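Hi,

Here is the structure I promised to pass on to you.

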Amino acid sequence: MKINTRSITLAATLAALCAVTGFLPYVFFLPVAVAAATLSVGMVAFVGLAFGCISLAYSFVMPASPVAMAFVYAPYIAIVPRILASLGCFGVYKLLVALFKPHRGGARFAVISVSAAVGSMLNTALVVGAFVLIVPSVDFGGITMLAYVPTMLISGAIELACMAALVPPIVLTLERTVLKTTRLKKSNTEKHGVHSAAHSE
């Protein structure tokens, strides 16, 4: 997908949506997963960066868990793994599209679902891994980061299931509405080119 006004607007909207999903359980990664299936790699990285920055900002404003405290101690953990997870999600999506070429129906739903689930899993694995390696002894209310790992993994598993179920219908709806004009213009341009070539002959 080429970078144009529509894709820039969608990327900005998804980045802003991270501020909303951050208040909701198990759907924080949703804007990133949607971006991975609808935008270019640069735009996906931008949404991943926004995701990380917003989660870091929440940690300073509302330090209510070991995760928030760990982000305060090591802010880069909130950002770098999120960018990597967004790029991983994008890469998985592009790989699946190249392998299976799903254009519609259940196959396309499945490809989007799998890429969203893998992206969510990468996000959890990278962040939790960084916590364990870098700030394992951060304490919040008597709970250390290491002791909090099972809770994070359970939350990550629930988020994975939510991403697999929620992202495909959102992406397919965007493709039918927000992104439809772009595809129609491209199709009309190609048809016009064919007709022009025919007339020239």
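Below is what I found, going from the whole chain down to a few residues.

One thing before you start: this is a predicted model, where local features need pLDDT of at least 70 and side-chain atom pairs count only at pLDDT 80 or more, while totals for chains, interfaces and linings use all residues. Residues are numbered from 1 along each chain as its sequence is written, and side-chain values use heavy atoms, with hydrogens and water left out.

The big picture: the protein chain has eight helices and two strands. (Helices are DSSP runs of H or I with at least four residues, strands are runs of E with at least two, and both are numbered from the N terminus.) Starting at the N terminus, the order is α-α-α-α-α-α-β-β-α-α. Of the 201 residues, 42% are buried, where buried means under 20% relative accessible area with a 1.4 Å probe, protein chains only. Take the contacts (heavy atoms within 4.5 Å) with a separation of 6 or more: 74% of them join residues 24 or more positions apart.

Leaving out residues up to four places away in sequence, L10 touches T38, L39, L174 and L179. L10 and T38 are 28 residues apart in sequence, with 8.9 Å from C-alpha to C-alpha.

Now the charged side chains. How many salt bridges does a search of the whole structure find? One, taking a salt bridge as a side-chain nitrogen of Lys or Arg within 4 Å of a carboxyl oxygen of Asp or Glu. The partners are E175 and R108, at 2.3 Å from N to O. They link distant parts of the chain, 67 residues apart: E175 belongs to helix α7 (residues 145–176) and R108 to helix α6 (residues 105–134). E175 is buried at 11% relative accessible area, and R108 counts as buried too, at 8%.

Finally, helix α5 (residues 76–100) packs against α6 at an angle of about 155 degrees, with the axes 8 Å apart. Axes here are lines fitted to C-alpha atoms over the stretch in contact, and angles run from 0 to 180 degrees between N-to-C directions. So α5 is roughly antiparallel to α6, a label used for angles over 145 degrees.

Cheers

Definitions and conventions
Buried means under 20% relative accessible area, exposed over 50%, partly exposed in between (1.4 Å probe, protein chains only). Angles under 35 degrees count as roughly parallel, over 145 as roughly antiparallel, 65 to 115 as roughly perpendicular and the rest as oblique.
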